[in-house]
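Here are my notes on this model. Please read them with the structure open.

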Amino acid sequence: MRPETIRPGSRARSGDGPLKDLLLDSSIWKVAWQAHLAEDYETSLAAARRCLDEVDAGERPQLSLVPDPAAPTVQDAVVLCAKNLYQLERFDDFEVLQASAGRWGMIADETPELDAVQLAFASKRGDYVMVVDETSKYIDAHRRNLPPAIAEFLYLRGLAFSHLGDPDRAREDTEAAYSLFKVLDRDFECARTANLLGVITFKAADFKDAELWFRRALDLHTQLGMIKNMGGNRLNIGITFYKQGMFSRSLVELEAAARLMKEVGARVSLCRCFIAQGNTLRLQREFDAARDKLMTAYEVANQLMLSREEALALEFMGDVCRDEGSIDKARRYYSRALAIGRSIAPDGDIVMEVLRRQGECLEKLGRHSEAVTVLGSALTRTRRQGDRFEEGVVRRVLGENLMGLGDLDSAAHHAVEATRLLKGVGARHELGLARMILARARLARLDSGLCQDPSALLDEAWKSAMSALDLFLKMEVDHWILTARKLISIISGRRADLEQTERMIVAADRLHGHGPRKPVDSPIIHVSSRMRDLIQLSDAFADSDEPVLITGATGTGKELFARRLHQKSGRRSGERVSVNVSAIPETIFAREFFGHTRGAFSGADRDGIGLAAQADGGTLFLDEIGDLPLELQPQLLRLLQDGTYQAIGDPSQRRTNIRLVAATNADLGKLVAEGKFRADLYYRLKILELRIPPVTERTEDILPLLRHFLTLASGQRVEMWEFFNQESLDSMLGYEWPGNVREIAMVARQAHIQMESRGQVLVEVGGPEGRQWFFEGPDGVPETSDSGHVQLRVVPGGGHQQQGGMESGRSRILLALAETDGNRAEAARQLGVSRSTLYRQMEKLGIAGKTEINVTTI
């Protein structure tokens, strides 16, 4: 194919027609066009101007009798000059050329080629809305006659739609432009448009299809010998690889792209290449190298006034800081990137991505409710833009935050959806992270005590963690390999504990002649992050032989933690001896605790082994340690220090190997100050301490606890709304529960008894200062999902069991409001409640009528 035939907008002209249609010297034109294809834009510009200078000087080429349809004209030379100026980023010179187009006989309203170049400059500056408006005017005016220039306007509008986050219209316009360029036999424009189609499909997370388009563009640009564009295509291929977790292949492509770009001095493209290299290095945890690349990219973008590239460099610099643990610094980078992104395209991909990253930072800061609001806005944008990759990542981060709020059902739902989406697009790195979140959600459900089949739940967690490890091994990123292996080790330990517990129960059944039975477990029912953190701390204490002091108000579950400490320790095969200190009379405490010999006192007709000996090789749990008689405290201290004690009536020292766990609802520090408890014993006990919060400090656990105790009382799984109306359930969150978990259990048992005997419920409890509270039975049937659970949805079309709790309820309402842009009627519909119920809950939870998204506060 001759170079002239691929030149845009050429027409056959001869004779003495308009100046713009005069033919040029083909030999000079050939130099100009070949230089343009070679991306030597200065040479191309000089040759094109020489063509025009000859026309200016009155020189005319010798015309043939039969005009050549591919012969270059004056207008072609002017347009080529404009395109060279665009590539050279010389907008001022372009404006001069456009203003002087009249001297070449080009009428302003009849030069769409120059208008297209002007709009290309506007697109490069990020003025996408203006580009859409202006291109639409031309396209609408020329739909019927389809002049060749319409393909260029379709391409530019598709490009603008892509940046504005409208992938469907972007793809529609760009495919139409590609077809027209193909018909016009314009390989240069076909290659450029194929690259854009790759970008659009890439944004839709169709990475395989995107790679095909990029390779098609690469083939065309290679045929044309266009080095800079070849570099751009390889850059895009490299980015598709790192999105799929193929980091090594990505860096190979990106390095090849950088070499091509440096060869032709393509600073803009090289800037983008540095950004991609920086992010890939960051994903490989090579933070110093990543920072160097990204800072270089930022400086170049700033010099060239490339707003989008500047925002991307800031965005990924924030990622480096976040991954290094510098959260506040990361948020400052994100805030700057967000401001630029909003100025370019308020609903574009940069805004969407930065909102998600802000949500990740808020999660690390423990500000889960704020994160859910921000992520709800990001999720809405991902759906609008059809970006399945980003939707999967947003759902992964949502799962993490909802887990932090104790909303375990919703956390698992989002984690499952994230794995589905990310698996569908082949995003290995993010899929591995999502599967680890899913495994952690399963473990959290197990720890909450709300699961029916611990073995099945552990199997699910194991499979998720193993598949994550498999993905990370393929990516060869040591950090994530070690993280996945650590998670698998935790799950393996939990499985081993469960299996050993079952074996011990079977052995005990055989010893006592019982038939087989299910393992009896006393789970610590919770959904709150505070209790989950406390359980993790307890498990960390379990393997130590140091004493543990458990403090907390009456009824908070101190004995359950003591039991868990024993079950998780290396002493679990030994005895766990529990003693309520306050229940043993002071006069006989010493002999009961340390034992006695025959004849040591009146009536001692045999040796007494004592609690210290019974617990040998196991755990001794002393409840209400604050009531221990003062004269016995030195003996307990000696037992803790060297493992020795003296039985009543025996002058010799005895030895025992115990692990002491003590609990109290008293202020031992105050007792020490009053002289009622020895300071040395207090500080020996206080080496490891667990402080159990009252239920008023973890209100999200109240309703799950109530459902658990109702289920125990009924002997089968039941729901709260079968026993209490919604108003009573809401008021339970505001009641002070002086008896803590024990009082919740009492309310559940009373409700069950009343429902069984009378068919209705009215439970009376006493609040502080004599105030009475009444929890009433159901006054109607609430809306339910297909599974019979109270319907409270956190995303359109997804029903989840209501877990209750101040924070989890707040997170769901905030998420629904964010997804509906503050439309409370629509939010109520999504949540499956009436508007009046939603308004009441918003007022109770302190949620403003209009939810603001604010992510710039550090």
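**Notes on cysteines, core, helices and backbone**

1. Cys361 first. This is a predicted model. The sulfur of Cys361 lies 9.3 Å from the closest cysteine sulfur, in Cys321, so the pair is too far apart for a bond. Cys361 is also buried, with a relative accessible area of 0%.

2. The structure holds zero disulfides. Cys51 is in none, and the nearest cysteine sulfur, that of Cys81, is 8.4 Å away. Cys51 counts as buried, at 3% relative accessibility.

3. The core. The largest nonpolar core has 145 residues. Which members touch the most others? They are Leu235, Ile275, Phe389, Met436, Phe472 and Ile491. Helix H21 supplies the largest share of this core, with 11 residues.

4. Phe389. Leaving aside neighbours within four places in sequence, Phe389 is in contact with Ala205, Phe207, Lys243, Leu422, Val425, Ala427 and Glu430. Lys243 and Glu430 are among these contacts. Please inspect both when you view this site.

5. His429. This residue sits in helix H21, which covers residues 428–448. Is His429 buried or exposed? His429 counts as buried, at 8% relative accessibility. Not counting residues up to four places away in sequence, His429 touches Gly245, Phe247, Leu283, Phe472, Met475 and Trp480. Phe472, one of these contacts, is also among the core members that touch the most others.

6. Helix H24. This helix has 14 residues, 529–542. From first C-alpha to last, H24 reaches 20 Å, close to the 20 Å expected at 1.5 Å a residue. The buried residues of H24 are Met531, Arg532, Leu534, Ile535, Ser538, Phe541 and Ala542. Arg532 and Ser538 are in that buried set. An α-helix has 3.6 residues a turn, so residues three or four places apart point the same way. Please view the buried set with that in mind.

7. Met305. Most residues other than glycine have a negative phi. Met305 is not a glycine, yet has a positive phi of about 55 degrees. Met305 lies in the loop between helix H14 (287–304) and helix H15 (307–324). The residue is exposed, with a relative accessible area of 68%.

8. Asn740. Asn740 belongs to helix H33, residues 740–758. Asn740 counts as buried, at 3% relative accessibility, whereas Met305 is exposed.

Methods:
Residues numbered from 1 in each chain as written. Predicted model: local features only at pLDDT ≥ 70, side-chain atom pairs only at ≥ 80, totals over all residues. Heavy atoms only, no water. Disulfide = S-S within 2.5 Å. Buried < 20%, exposed > 50% of the residue type's maximum accessible area, 1.4 Å probe, protein only. Helix = DSSP H or I, 4+ residues; strand = E, 2+ residues; numbered from the N terminus. Contact = heavy atoms within 4.5 Å. Core = buried A, V, L, I, M, F, W, Y, C linked by side-chain atoms within 4.5 Å. Expected span 1.5 Å × (residues − 1).
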